[in-house]
Amino acid sequence: MEWNIKSRNIKLHDAQKAFIQEKLGKLERYLDGINDWKVECRFETLRGSGETYTVQATLLADHGIILRAEERDRELYAAVEAVHDNLQRQIRRFKEKHYRRGKLRRTAGEIIAAPLPALPEDAEQSEERQIIRAKEVTLRPMFSDEAIEQMELLGHSFFVFRDAETEKIQVVYRRNDGNYGLIMPR
């Protein structure tokens with residue numbers, strides 16, 4: 001497992017890095033094949049909240065599984081604990097959705113039994129979600145700044161478009177911090 005721990009506006013000590021690796025490394029019990037961890041710790045002074053630590057963790061696992069969590073707290077250790085809990089909930093949802101608790105699952109033409117490994121019990125029960133609407137869209141070539149304008153005009157939090165330069169399909173989205181992100185295929 002490869003760890004990439006970065007920090008902004010803060011100097012992380014070895015003990016803090018070890019705590020992050022130990023705490024988040026425990027998630028490997030619940031999800032096999034975690035290959036890569038990217039953890040970013042930031043120290044910020046926010047209006048109304050005062051001094052806060054923001055911890056953002058992204059894990060990359062086998063079969064293209066990507067899980068990401070970001071939490072803020074006045075204490076670094078509490079923010080790491082919150083990220084751990086958030087990722088644990090995401091793993092539970094992922095497994096419930098994809099493995100369906102002991103039901104047979106079809107993979108590449110063969111039927112395999114895929115029981116759900118046990119996770120610690122949580123008081124929070126998740127509802128089954130379903131697709132209630134499907135849309136067809138026409139992707140016209142545009143630049144990312146045009147896509148952001150279109151997204152804002154529609155009042156959406158993301159927008160799918162075809163890049164005018166590369167002709168590849170891309171997604172622009174609004175981040176929690178108010179900025180924008182761009183998802184590009186390789």
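A nonpolar core is a set of buried Ala, Val, Leu, Ile, Met, Phe, Trp, Tyr and Cys residues joined through side-chain atoms within 4.5 Å, where buried means under 20% relative accessible area, exposed over 50%, and partly exposed in between, with a 1.4 Å probe and protein chains only. The model is predicted, with pLDDT of at least 70 needed for local features and 80 or more for side-chain atom pairs, while totals for chains, interfaces and linings use all residues. Residues are numbered from 1 along each chain as its sequence is written, and side-chain values use heavy atoms, leaving out hydrogens and water.

**Exercise 1.** Describe the largest nonpolar core and state which elements give two or more residues to it.

*Solution.* Begin with the core itself, which has 26 residues, with Leu-24, Leu-31, Trp-37, Val-39 and Leu-87 making the most contacts inside it. Next come the elements, for which helices (H or I, at least four residues) and strands (E, at least two) are DSSP runs numbered from the N terminus. Helix 1, strand 2, strand 3, strand 4 and helix 2 (76-99) each give two or more residues to this core, and the largest share, seven residues, comes from helix 2. Apart from this core lies another, of seven residues, including Met-151 and Phe-159.

**Exercise 2.** Work out the order of the sheet that contains strand 1, and find what packs on it.

*Solution.* Two strands pair if DSSP finds at least two bridges between them. On this basis four strands form an open sheet in the order 1-2-3-4, with mixed pairing, and its edge strands, strand 1 (2-8) and strand 4 (65-73), each pair on one side only. Strand 2 (residues 34-46) and strand 3 (residues 50-61) are antiparallel and share 12 bridges; Arg-42, for example, has Thr-54 in strand 3 as its bridge partner. Helix 1 (residues 14-25) packs on the sheet and touches strand 1, strand 2 and strand 3, contact meaning heavy atoms within 4.5 Å.

Key: Axes are lines fitted to C-alpha atoms, for helices over the stretch in contact, and angles run from 0 to 180 degrees between N-to-C directions.
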